[in-house]
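Have the structure open as you read, and take the points in order.

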Amino acid sequence: MTHRIPTRSFRPRLVVTGVALTASALLLAGCSGGSATGGDSTSAPDGGSKGTIGVILPETATSARWEAFDKPFLEEALAKEGYTADIQNAQGDVQKFSSLADGMIAKQVDALIIASPNPEVGVSVEQKATAAGIPTIDYDRLNPGGTADYYVSFDNVEVGRLQGQALADALADKPGAQVIQIEGAPDENNAVLFHEGQMDVLQPLYDDGTLTLVRDQFILGWDNQLGGTTFEQILTSNGGKVDGVVAANDGMAGAVITVLQKNGLNGTVPVTGQDATLAGLQAILRGDQTMTVFKAIKKQAEATAKLAAIAASGDVSAADEYASSTTIDPKTNREIKSVLLDPSVVDKSSVKDVVDEGYVTAAELCTADLAAICESEGIK
Ligand code: BGC
């Protein structure tokens, strides 16, 4: 079966804004007729920047990654490509996400990078950006059914496999161990992929009785707090019994660990995580969390910035060449040019690597209660 890839082009700025904006754009460019050259956004008035690239991040409450890693790394990487970064966070508010995007589209950013709170709003933003000729990149989260030109993320099924395998390994000597799975948002593409990867490993083990699934629960909006209360209810209704927990990310893991602590179970029940956040790494050092999945967000940000800069320059074939992987849109079967990076496992013995890579500092990680363990793990 072959899919036809429509020929794409990113139209030069001033030509694309539709009737209403064209008039004001011409005014801004000081033009009375059709001779506008303002489409060349590389000639910024201050001479220092090639233009502006807009970034909209989804939330802060679902994971510390967005503000702690994505924002600064994207800012740095876009600056390195010569662009001014306009980075906003929608704080989980779909309306806000939409209006931030409208503002960026109206001001004709040179490219738009989005990680949307849900695919519905992601798709609607992409359609508007595409109609305005603005190259759009799905950052980390794919919006199925959308029109993004590119997708930059990780092998997210592999993320789930790493989580599933780590839990299976931790429970290897507990036949029939009882497992609770606390997942991400049911409508978020990555959450579905993480779950798929976990089940690749765990389903056969549930099927043959090696492990016992107590409950497998998606959590609306990746709400970490709701993840904690949901876990508590499941635990209570299972008579307080749990041997292992799949937590989809470090935020969920933190909420689960709080409940385990209340029940005197932390440190004995393996818990997975993801994002290598400061709190997640500290929980690993304390022995409350078994692992996290490290995703090289710095590399992700650099690849995204590079791709956005190439696309902003209008060179579609160079951008297509750079995004050399392909992802199939699960809704439409459209092929999306992608950059996909590999995730890896971090456990107690490799927390040090995350520090060495510059994601967190030893000073912030090694609080007084963790000083001794940091020392023995060689974290400085
Ligand atoms: C990201 C994860 C993050 C989660 C919640 C997912 O789309 O890939 O890294 O933990 O969203 O924000």
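Predicted model: local features only at pLDDT ≥ 70, side-chain atom pairs only at ≥ 80, totals over all residues.

1. Five aromatic pairs turn up in the model, and one of them is Phe73 with Tyr359, edge-to-face, with 5.2 Å from centre to centre and 70° between the planes.

2. Tyr359 has another partner, Phe294. Why is that pair called edge-to-face? Because the planes of Phe294 and Tyr359 stand at 85°, with ring centres 4.9 Å apart, and planes over 60 degrees apart count as edge-to-face. This pair also links distant parts of the chain, since Phe294 is in strand S9 (residues 292-294), 65 residues from Tyr359.

3. How buried are these two? The relative accessible area is 12% for Phe294 and 8% for Tyr359. Because buried means under 20%, Phe294 qualifies, and so does Tyr359. Together with Phe69 and Phe73, they make up one aromatic cluster.

4. While you're looking at rings, check Trp66: the charged end of Arg65 sits over its ring, 4.2 Å from the centre.

5. Next, helix H10 (residues 297-312). Its 16 residues reach 22 Å from the first C-alpha to the last, close to the 22 Å expected. Of those 16 residues, 12 are buried, so H10 is largely enclosed by the rest of the structure. Among the buried ones are Ile297, Gln300, Thr304, Leu307 and Ile310. Just after the helix, look for Gly314, which takes a positive phi of about 90°.

6. Which residues touch the most other members of the largest nonpolar core? They are Tyr139, Tyr150 and Ile379, in a core of 55 residues. H10 supplies the largest share, 10 residues. The core also draws at least three residues from each of domain 1 (23-154 + 296-341) and domain 2 (156-295 + 345-376).

7. Ile379 is worth a click. Leaving aside residues up to four places away in sequence, Ile379 touches Leu285, Val351, Lys352, Val355, Ala362, Leu365, Cys366 and Cys374.

Definitions and conventions: Residues numbered from 1 in each chain as written. Heavy atoms only, no water. Phe/Tyr/Trp six-rings, centres within 6.5 Å; stacked < 30°, edge-to-face > 60°. Helix = DSSP H or I, 4+ residues; strand = E, 2+ residues; numbered from the N terminus. Buried < 20%, exposed > 50% of the residue type's maximum accessible area, 1.4 Å probe, protein only. Lys NZ or Arg CZ within 6 Å of the ring centre and 35° of its normal. Expected span 1.5 Å × (residues − 1). Core = buried A, V, L, I, M, F, W, Y, C linked by side-chain atoms within 4.5 Å. Domains from an automatic or database assignment. Contact = heavy atoms within 4.5 Å.
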